[in-house]
Amino acid sequence: MMMRRHANKRSLFAGTIATLTVAAFGIWFVYSSDAATPPPAPPVPQVVVSTPLQRQVDSRLGFLGQFSAIEQVELRAQVGGTLTGVYFRDGDIVHKGDLLFTIDARPYEIRLAQGKAQLETANARLALAERELTRAQVLATKQFGTEQTVDRRTADQRSAQAAVDDAKAQIRDAEFDLEHCRITAPFTGRIGTHLVSVGNLIAGSRAATTPTTLLATMVSLDPIWLDFDMSESDFLQYSRDRVRAKDGAADKIEIALSDETRFARQGTLDFVDNALNRSSGTIHARATVANPDHLLTPGEFARVRLIVGAPMQALLVPDAAVLPDQAQHIVMTVGPDSTVVPKQVEVGDVRGGLRVIRAGLSPNDRVIIDGIPHATPGAKVVPQNGTIRYAAAAGAG
């Protein structure tokens with residue numbers, strides 16, 4: 001019995017070993033078969049292609065400009081005294097001749113009265129000197145007077161005349177001071193904050209030979225200047241096109257403010273400096289812009305577009321289809337064999353949401369406009385036809 005029981009256990013153990021061996025062999029066979037089967041090839045990427053859009057566009061140059069006032073002034077008194085009135089609100093638009101400040105005029109009224117009194121005295125002395133001169137001349141002709149007396153009376157008359165002239169000058173001087181006790185706006189524009197309050201004693205000087213008190217500042221608004229700088233290459237293009245232009249188109253600029261997408265405002269380029277700046281390699285230019293609504297403010301920035309050439313045929317592609325490559329630009333195209341071919345292009349500005357291509361593309365090139373991340377140079381792709389559309393709303397952009 002004992003022997004039979006041991007035999008059964010040996011048979012059961014041998015069967016278990018055999019079963020495990022067969023299972024292990026089956027697992028090895030399955031994995032070996034999977035490893036021997038090559039992985040499936042990745043699918044060929046799909047891209048959307050289109051020929052470049054052809055459109056008539058003019059040649060433009062773009063800059064960043066800053067507005068500045070044509071006229072700006074520091075309001076300072078030409079006479080000293082106590083400030084007695086401020087007749088504007090800070091930041092107001094004031095017109096030429098508007099009263100802005102007044103200074104206590106009483107000291108200058110007293111001076112004017114003194115001058116008029118001196119003139120009366122001088123006139124009386126002149127009248128006496130003229131009568132005495134006449135009598136001396138009459139006596140001299142009748143041999144009752146001497147030439148020496150005539151000369152003395154003539155000197156007295158001239159001295160009295162000089163006193164009259166001096167008194168008149170003193171009156172004009174007093175009137176000048178009295179007039180400048182009222183400070184008015186020299187032109188129409190926007191005034192800043194008042195820097196001196198009523199009751200303060202201010203210093204004035206006609207020729208600014210002594211320190212004077214700054215009362216306020218003022219700038220003109222309409223028209224207004226727009227200053228910007230051209231690079232040397234842009235200046236050369238502008239100069240050549242200006243020589244060719246006969247209708248003055250090279251002198252017209254279009255303007256868009258920082259919150260505007262359209263170049264709705266216009267101006268006239270009326271100044272280009274006579275030399276390039278050596279340190280920056282740029283030349284300063286300035287345009288005059290109408291500002292009837294006073295929206296444009298000195299110090300504000302704006303985008304400037306200078307039209308420098310007549311409209312000509314150009315190729316346009318989506319801006320996203322133009323890839324930067326260091327200092328160059330690349331456009332991905334699809335060749336006849338469905339292979340991705342990169343092309344180096346020369347780009348212009350953006351028109352209607354599209355990038356102008358100056359050189360490097362032909363009208364028949366199939367440009368990849370969608371699926372660019374999957375387009376590897378030299379790789380096969382599946383092209384699908386698409387359409388490049390010109391955004392009319394951005395046509396001025």
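Which residues does Arg265 touch, not counting residues up to four places away in sequence? The first legend gives the answer.

The model is a predicted one, in which local features need pLDDT of at least 70 and side-chain atom pairs count only at pLDDT 80 or more, while totals for chains, interfaces and linings use all residues. Residues are numbered from 1 along each chain as its sequence is written, and side-chain values use heavy atoms, with hydrogens and water left out.

View 1. Arg265 touches Ile253, Glu254, Ile255, Leu257, Glu260, Asp293, Leu295 and Leu296, where contact means heavy atoms within 4.5 Å. Helices (H or I, at least four residues) and strands (E, at least two) are DSSP runs, numbered from the N terminus. With a relative accessible area of 16%, Arg265 is buried, a class that means under 20%, whereas exposed means over 50% and partly exposed lies in between (1.4 Å probe, protein chains only). The side chains of Asp293 and Arg265 meet in a salt bridge at 3.3 Å, N to O, the term standing for a side-chain nitrogen of Lys or Arg within 4 Å of a carboxyl oxygen of Asp or Glu. This pair links distant parts of the chain, 28 residues apart, with Asp293 placed in the loop between strand E15 (282-289) and strand E16 (301-307). Asp293 is partly exposed, at a relative accessible area of 47%.

**View 2. The salt bridge between Arg206 and Asp173.** The two side chains come to 2.8 Å, N to O, and the pair joins distant parts of the chain, 33 residues apart, since Arg206 is in the loop between E10 and strand E11 (214-219) and Asp173 is in helix H3 (residues 147-179). Arg206 is partly exposed at 41% relative accessible area, and Asp173 is partly exposed at 23%. Both belong to a network of salt bridges that also links Arg111 and Asp177.

**View 3. The salt bridge between Arg106 and Asp104.** The closest N and O atoms of this pair are 3.0 Å apart. Arg106 is exposed, with a relative accessible area of 57%, whereas Asp104 is buried, at 17%. A search of the whole structure finds 11 salt bridges.

**View 4. An open sheet of 4 strands.** The strand order is E8-E7-E5-E10, with antiparallel pairing, two strands being paired if DSSP finds at least two bridges between them. Strand E8 (182-184) and strand E10 (201-202) are the edge strands, each pairing on one side only. Strand E5 (residues 81-86) pairs with E10 over 2 bridges, and Leu201 in E10 is the bridge partner of Thr82.
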